[in-house]
Amino acid sequence: MSIKKDHEVIIIGAGPTALTAAIYTTREDIETLLFERGAIGGLAAVTDHIDNYPGFADGVDGLVLADQMRKQAERFGAVIELGEVTKIDAGKSSVKLETTSGDVTAKALLIATGSDYKKVGVPGEKEFFARGVHYCATCDGAFYRDKRLVVVGGGNSAVQEAVFLTRFASHIDLLVRGDHFRASDVLQEELKKHKDKITVHMNTTTDEIVGEDNKVVKVIGTDKLTGKKVDFPTDGVFVFVGLMPNTQFLKGCGLELDEIGFIKTDENLMTNLKGVFAAGDVRHGATMQIASATGEGATVALRIREYIEGHKVINE
Amino acid sequence: MVKNITIFTTNTCAYCVMVKKYLSSKGFGYEEVNLDQNPERQAEAQNLSGALTVPVTVVTKEDDSQEVIVGFNLGRLAPAVS
């Protein structure tokens, strides 16, 4: 089924930044189409429980928060197309996009594609992807009832997801490369409540994921203090070692990225391409928090409105 | 032509929601097998997909041939039901 060709605003992504921006634009009667190739709600939707988003005294499940944001945006008329943008071309008066749903144009484009979990980059990781190596605990944790797991990482995601995985796993080895956690104090306290199931290994690198008979059987790491190799017998590995921006599809379009691939913007959240804005986790300098993502969504929507209405000439 | 569709899901899987949303938007019905409620069918999902993940979508055609799609993969799901 083909979709309408010409739009006022197109947003690539449907995470918290994108949905907030859509709430703001559509409430101003600015017609808005979103493209989402993955989960509506982005990484927030695949997070088990969110405790630091304002307005929820007892926290909120990521899936519930994502669904509420979607409903709110759709209530004001936002349309979410399940499809992928493959190419953008910023012209003088509009932005052209090639998508899996056909070619479309927009007066203004917001790139809010967020970020995804990074690979740890060791032998065995690619070979056992989804067959013992995972990046989504809420998706794949249920396959490890009464099994041993290794979780790699020391940040908020690693600690939170390790705690979530105690619902299923009999034991978890948490491998932290550094000598301290980057996770919040609150999450570290939560981790301590599960010390019967989670063993923390600080100063431990993850070197190789080893399988036998098509199954993961162990992770080989190195104790950085002694230099000795250590085996961690396991049935599966969950990796949470940071985030990488979802900007691969933008290569060659002339958009200015930083050395990692995050999008550079000016103070109005506009990129170096006229009419193309970026906000949220995909933006250089983003703080990777849902609360700041929604804040950036509101800000960029106001900037887009100004741009469309021509009240303020930006980037000329 | 699609004869029937089965989706293996869990309670917390956001990509499972997306598969269901996509199929509903295209007017397809489906049987959902929730592995949190039916853990005994986990091996079935694993055997079909060769993976330890959900969603697993099994599209059975009129000639009883089956296509198994792992994850929310629109590039495979859309043609499988078209």
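Into which domains is chain A divided? In this predicted model, chain A consists of domain 1, covering 6–116 + 243–309, and domain 2, covering 119–239. Taken over C-alpha atoms, the centres of domain 1 of chain A and domain 2 of chain A are 31 Å apart.

Strand β14 (residues 204–212) of chain A pairs with strand β15 (residues 215–223) of chain A in the antiparallel sense, over eight bridges. Within this pairing, A:Thr206 stands opposite A:Gly221 of β15(A). The hairpin of β14(A) and β15(A) has two residues between the strands, and A:Asp213 takes a positive phi near 50 degrees there. On the next step, β15(A) is joined by six bridges to strand β16 (residues 228–233) of chain A, and the two run antiparallel. Here A:Ile220 stands opposite A:Asp231 in β16(A). Four residues lie between the strands in the hairpin of β15(A) and β16(A), where A:Gly227 has a positive phi near 80 degrees.

A:Glu161 belongs to helix α5 (residues 156–165) of chain A. Is this residue buried or exposed? A:Glu161 counts as buried because it has 26 C-beta neighbours inside 10 Å, where 20 or more are needed. Leaving aside residues up to four places away in sequence, A:Glu161 touches A:Ala137, A:Val151, A:Phe238 and A:Phe240. The C-alpha atom of A:Glu161 is separated by 35 Å from that of A:Ile88, and these two residues are 73 residues apart along the chain.

In soluble globular proteins, nonpolar side chains tend to be buried together. For A:Ala21, with residues up to four places away in sequence not counted, the contacts are A:Ile11, A:Leu110, A:Ala112, A:Ala279, A:Gly297, A:Val300 and A:Ala301.

An open sheet of four strands in chain B has the order β2-β1-β3-β4, with mixed pairing. Its edge strands, pairing on one side only, are β2 (31–34) and β4 (66–70) of chain B. Direction ignored, neighbouring strands of this sheet are turned by 15 degrees against each other on average. Strand β1 (residues 2–9) of chain B pairs with β2(B) in the parallel sense over four bridges, and B:Thr6 stands opposite B:Glu31 in β2(B).

Helices lie across this sheet. Helix α1(B) lies across β1 and β3 (56–61) of chain B and runs at about 160 degrees to β1(B). Helix α3 (residues 74–81) of chain B lies across β1, β3 and β4 of chain B, at about 155 degrees to β4(B).

Finally, how many residues does each chain bring to the contact? Chain B gives 20 residues and chain A gives 25 residues. On the side of chain B that touches chain A, the largest share, five residues, comes from helix α1 (residues 14–25) of chain B. The residues on that side of chain B divide into 14 nonpolar, five polar and one charged.

Methods:
Residues numbered from 1 in each chain as written. Chains lettered and ligands numbered in written order. Predicted model: local features only at pLDDT ≥ 70, side-chain atom pairs only at ≥ 80, totals over all residues. Domains from an automatic or database assignment. Contact = placed C-beta atoms within 7 Å. Nonpolar A, V, L, I, M, F, W, Y, C, P; charged D, E, K, R; others polar. Pairing = 2+ DSSP bridges. Axes fitted to C-alpha atoms, helices over the stretch in contact; angles between N-to-C directions. Buried ≥ 20, exposed ≤ 12 C-beta atoms within 10 Å, placed from the backbone.
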